2 protein chains.
Amino acid sequence: MASLLRTASRARPALARSAVRPTARSAPIALQRHYASAAAASAVAPNNSTPALFPDEPSGPIIRTEIPGPKSKDAVERLGKVFDTRSLNMMANYNQSYGNYIADLDGNVLLDVYAQIASIPVGYNNPTLQLAATSPEMASAIINRPALGNFPQHDWADILQTGILSVAPKGLNQVFTAQAGSDANELAYKAAFMYRRQQERGGANVDFSEAEMTSSLTNQSPGAPDLSILSFKKGFHGRLFGSLSTTRSKPIHKLDIPAFDWPVAPFPDLKYPLDQYAAENQAEEQRCLAETERLISEWHSPPVAVVVEPVQSEGGDNHASPAFFQGLRDITKKHNVLFIVDEVQTGVGATGKFWAHDHWNLDTPPDMVTFSKKAQTAGYYFGNDDLKPNKPYRQFNTWMGDPARAILFRAIIQEIERLDLVQNTANTGAYLYDGLQRLSEQFPNEIQNLRGQGQGTFIAWDSPRRDEVLKKAKGVGINIGGSGERAVRLRPMLIFQQKHADLLLEGLNKIFKS
Amino acid sequence: MASLLRTASRARPALARSAVRPTARSAPIALQRHYASAAAASAVAPNNSTPALFPDEPSGPIIRTEIPGPKSKDAVERLGKVFDTRSLNMMANYNQSYGNYIADLDGNVLLDVYAQIASIPVGYNNPTLQLAATSPEMASAIINRPALGNFPQHDWADILQTGILSVAPKGLNQVFTAQAGSDANELAYKAAFMYRRQQERGGANVDFSEAEMTSSLTNQSPGAPDLSILSFKKGFHGRLFGSLSTTRSKPIHKLDIPAFDWPVAPFPDLKYPLDQYAAENQAEEQRCLAETERLISEWHSPPVAVVVEPVQSEGGDNHASPAFFQGLRDITKKHNVLFIVDEVQTGVGATGKFWAHDHWNLDTPPDMVTFSKKAQTAGYYFGNDDLKPNKPYRQFNTWMGDPARAILFRAIIQEIERLDLVQNTANTGAYLYDGLQRLSEQFPNEIQNLRGQGQGTFIAWDSPRRDEVLKKAKGVGINIGGSGERAVRLRPMLIFQQKHADLLLEGLNKIFKS
């Protein structure tokens with residue numbers, strides 16, 4: 001099943017063929033009524049050129065008040081008394097949100113191409129997920145949460161095999177489950193440190209020395225070794241102490257927090273359009289690879305792993321070519337350093353392949369691939385048995401993931417297969433990219449460095465008035481996010497179709513004209 | 001509402017009075033039938049001296065095979081192909097588990113006084129939680145998981161106020177939500193570092209310097225400051241890189257993982273029985289306090305906070321007196337160091353008060369209190385507004401907790417109030433402790449250093465043949481856990497009653513006689 005998902009250009013997978021239902025299950029009656037009346041009031045014309053994956057979606061955004069409207073303002077003020085609302089973007093009413101559309105408290109309904117920071121995969125109130133969420137199996141997973149390492153439930157192997165592991169990246173057949181992207185990365189780092197030290201000790205059967213045991217408890221070497229993880233400038237891998245030490249996106253993410261003295265390599269700063277700067281970009285990637293190799297060889301605390309995002313997301317949607325990543329794989333193999341691909345934001349279909357690193361055609365798979373966000377659960381995949389620590393309780397914690405979220409991911413995978421959503425995302429992305437390219441010719445100052453061609457809907461561009469654009473987008477009924485200092489990043493769901501792309505392009509056109 | 005829960009010795013709270021139902025809702029019919037027939041086959045006599053909180057529970061353990069039995073062995077082998085099973089204690093069938101009893105795949109049903117490493121609060125398949133888990137609100141929280149910092153749901157303030165915040169420790173009225181105990185602690189540490197640096201800069205309105213901004217991205221001081229968190233020998237605070245740097249429980253938890261060079265202070269090593277060693281123990285606590293104060297003053301990377309468990313749990317169930325914790329609070333105030341109480345394992349009623357630090361009668365509350373496990377959600381409480389970072393997006397991540405688990409904690413709180421479970425735990429704990437004390441007189445070599453008097457059911461003792469005792473316990477129908485090198489730790493649920501205590505005492509008696 002995994003192989004069927006991996007290549008978006010394949011035909012609809014067998015599972016979907018045997019149960020073809022081209023649309024999502026129906027919306028609840030109340031939502032249908034809501035949107036029927038709302039659509040009549042909507043100022044935006046519907047576009048029905050493609051068969052709808054979510055037939056009961058509103059036909060377009062509905063704008064009834066300024067955003068935030070009066071009810072939202074009241075609610076935000078109330079929430080502010082008990083919760084930090086300074087990063088609040090929009091107070092949502094998820095009961096009224098459906099498919100690609102997010103509703104607020106004032107009756108506004110926005111086309112959502114940010115999708116909870118790229119984490120909603122198959123639509124708000126997706127009926128297939130609703131079935132999974134109301135199953136007896138889910139209820140049991142919620143109320144009888146096990147300590148999975150000690151007392152796993154009898155069907156945990158099934159849940160893994162028919163869910164998380166059914167979409168494991170090529171060459172990786174095992175998983176360690178986690179709670180979110182940040183700890184998924186840290187657990188992968190821990191596996192990498194244990195792997196390196198085991199090699200240094202001479203294998204899995206060599207016992208820890210007394211000096212290691214004793215010094216580990218006082219955080220000193222050799223028990224707590226002077227080793228490191230290498231990451232890249234502008235990379236983002238989370239905000240816990242280990243993951244934050246590899247995050248280099250923005251000072252606001254890191255200020256005042258102690259960090260490990262780990263090395264940071266330059267990430268290619270490509271020039272656009274790519275075809276006009278092929279030679280310069282190739283040289284830039286070579287420069288970054290050379291510096292990476294130098295750091296691996298020379299850094300005072302030797303790196304045991306390199307961690308990289310297929311597209312640097314939080315850091316500004318920075319892309320590199322498959323050749324760069326192939327080069328990284330080569331360097332890591334050459335120096336016996338593990339290659340960790342952080343697919344927390346890129347994974348689960350958004351780039352038009354199930355995993356973004358499928359675009360690279362690597363000779364050998366990454367050593368570990370981390371995931372979260374659209375998976376709605378988290379962890380790291382691996383294939384090499386030696387990455388299992390030599391003793392139990394070394395990679396361990398109380399919950400070790402969450403069966404409830406693993407059950408949800410299984411339903412998400414089924415929905416992706418049933419509706420062929422990776423292919424949909426590849427197709428819609430190509431259509432959207434073309435439209436944006438045309439728009440960038442019309443408004444060259446508004447859309448700079450357009451990027452993400454051939455990467456599904458994982459598209460971004462730079463904007464000299466980015467924050468203003470994001471704000472104005474709400475006024476035309478679209479919820480968009482930014483990344484880095486000046487990038488507009490598109491992160492629609494996998495059910496985003498051409499008609500939604502048309503609405504987005506139309507909305508952007510309005511903003512740029514204003 | 002918070003105040004009503006805090007003191008276990010109070011009368012039943014108002015909410016519970018208005019809706020008195022002294023027992024849990026009925027078990028599903030299938031489970032009732034299962035246990036009716038199972039009880040008939042059970043070899044252990046029922047004890048019905050106290051009204052049952054879970055009337056449909058089995059009347060005692062049911063042992064049908066060796067543990068693991070043949071079905072469990074098959075299932076473990078199958079799971080082992082995709083998941084690390086070396087730490088597996090027992091493969092569970094949660095569909096057949098109920099109340100205090102955990103079932104396996106071979107029809108064995110054990111009295112569970114380990115409760116998923118102290119994390120199941122109100123019984124397996126608790127009917128009240130079942131209602132919450134099957135509510136439309138829960139389904140929405142599962143399938144529409146928000147990025148809480150950006151797009152909170154409209155009822156998030158309600159969920160917090162009627163749930164997590166309704167049981168906030170005295171003096172703390174705000175919460176930052178997290179996923180599990182380990183990241184809850186790390187988020188508290190981050191808040192502590194930001195707080196200290198803000199003071200050093202001269203207040204919330206002083207901007208970051210250019211040097212801070214730049215150096216933060218390369219993990220160097222001053223942006224990534226040389227500051228620390230002080231923790232205690234044998235303390236356990238989690239296994240991510242920051243929390244693991246404060247964990248000092250066992251080498252196996254820490255080996256091969258780089259750690260911050262942070263200070264560790266001695267934790268009192270008390271002698272039992274306490275009344276025979278009052279003077280020695282007082283001196284020991286004074287010694288530990290003095291060394292803590294010295295480390296705060298002299299450590300090369302100044303501590304910004306002290307983190308401590310009310311009872312060191314993973315590290316071997318090590319207790320200290322309220323005077324010790326009062327002393328810690330005094331020292332931290334004197335040196336402008338924050339006082340973080342890690343209630344991940346002790347919180348939510350297990351010690352016979354809602355929060356274990358309620359036993360200390362502090363003059364001023366802790367600065368932060370972290371929680372997880374029995375709350376089934378996680379985070380840290382705080383009260384001082386200055387602990388909020390001065391800008392948004394400093395304490396932030398995609399999900400920032402999980403409304404589904406917050407809704408579950410609200411149901412847990414309601415169940416605790418409805419059945420007066422903190423008082424129940426205080427009462428049952430006193431009864432159980434007395435029984436254990438009698439048993440320790442009969443078997444002085446089997447039960448050494450009995451501890452936890454007046455601490456609800458949070459009871460432990462040392463055993464020279466601990467692992468054998470834990471193994472034999474399964475044979476007499478009881479699931480028990482250990483902690484540290486040789487402690488037997490009891491962590492029953494809050495619905496543990498005298499009849500269960502009798503079964504436990506009877507089972508221990510059998511083991512000790514063997």
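The side chains of B:Arg201 and A:Asp256 form a salt bridge, with 2.7 Å from N to O; the term denotes a side-chain nitrogen of Lys or Arg within 4 Å of a carboxyl oxygen of Asp or Glu. B:Arg201 belongs to helix H9 of chain B, and A:Asp256 to the loop between helix H12 (251–254) and strand S5 (264–265) of chain A, so the pair joins two chains. Helices (H or I, at least four residues) and strands (E, at least two) are DSSP runs, numbered from the N terminus.

The model is a predicted one, in which local features need pLDDT of at least 70 and side-chain atom pairs count only at pLDDT 80 or more, while totals for chains, interfaces and linings use all residues. Residues are numbered from 1 along each chain as its sequence is written, chains are lettered from A and ligands numbered from 1 in the order in which they are written, and side-chain values use heavy atoms, with hydrogens and water left out.

Over all chains, a search of the whole structure finds 52 salt bridges. Between chain B and chain A the count is 10, and one of the salt bridges links the side chains of A:Arg394 and B:Asp256 at 2.8 Å, N to O. Also between these chains are 64 residue pairs in polar contact, both residues at pLDDT 80 or more. A polar contact is a pair of N or O atoms within 3.5 Å; within protein, one must be able to donate a hydrogen and the other to accept it, and residues adjacent in sequence count only if both atoms are side-chain atoms. On the side of chain B that touches chain A, helix H9 (residues 181–201) of chain B supplies the largest share, 8 residues. By class, that side has 60 nonpolar, 36 polar and 23 charged residues. Here Ala, Val, Leu, Ile, Met, Phe, Trp, Tyr, Cys and Pro count as nonpolar, Asp, Glu, Lys and Arg as charged, and the others, Gly among them, as polar.

The contact involves 119 residues from chain B and 119 residues from chain A, contact meaning heavy atoms within 4.5 Å. Together the two chains bury about 10,900 Å², of which 60% is on carbon and sulfur atoms; buried area is the accessible area (1.4 Å probe) that two parts lose on being put together, summed over both.

Chain A also has local backbone features. The peptide bond between A:Ile67 and A:Pro68 is cis, with omega about 0 degrees, and A:Pro68 sits in the loop between helix H3 (29–41) and helix H4 (70–80) of chain A. Another cis peptide bond runs from A:Ser221 to A:Pro222, with omega near 5 degrees.
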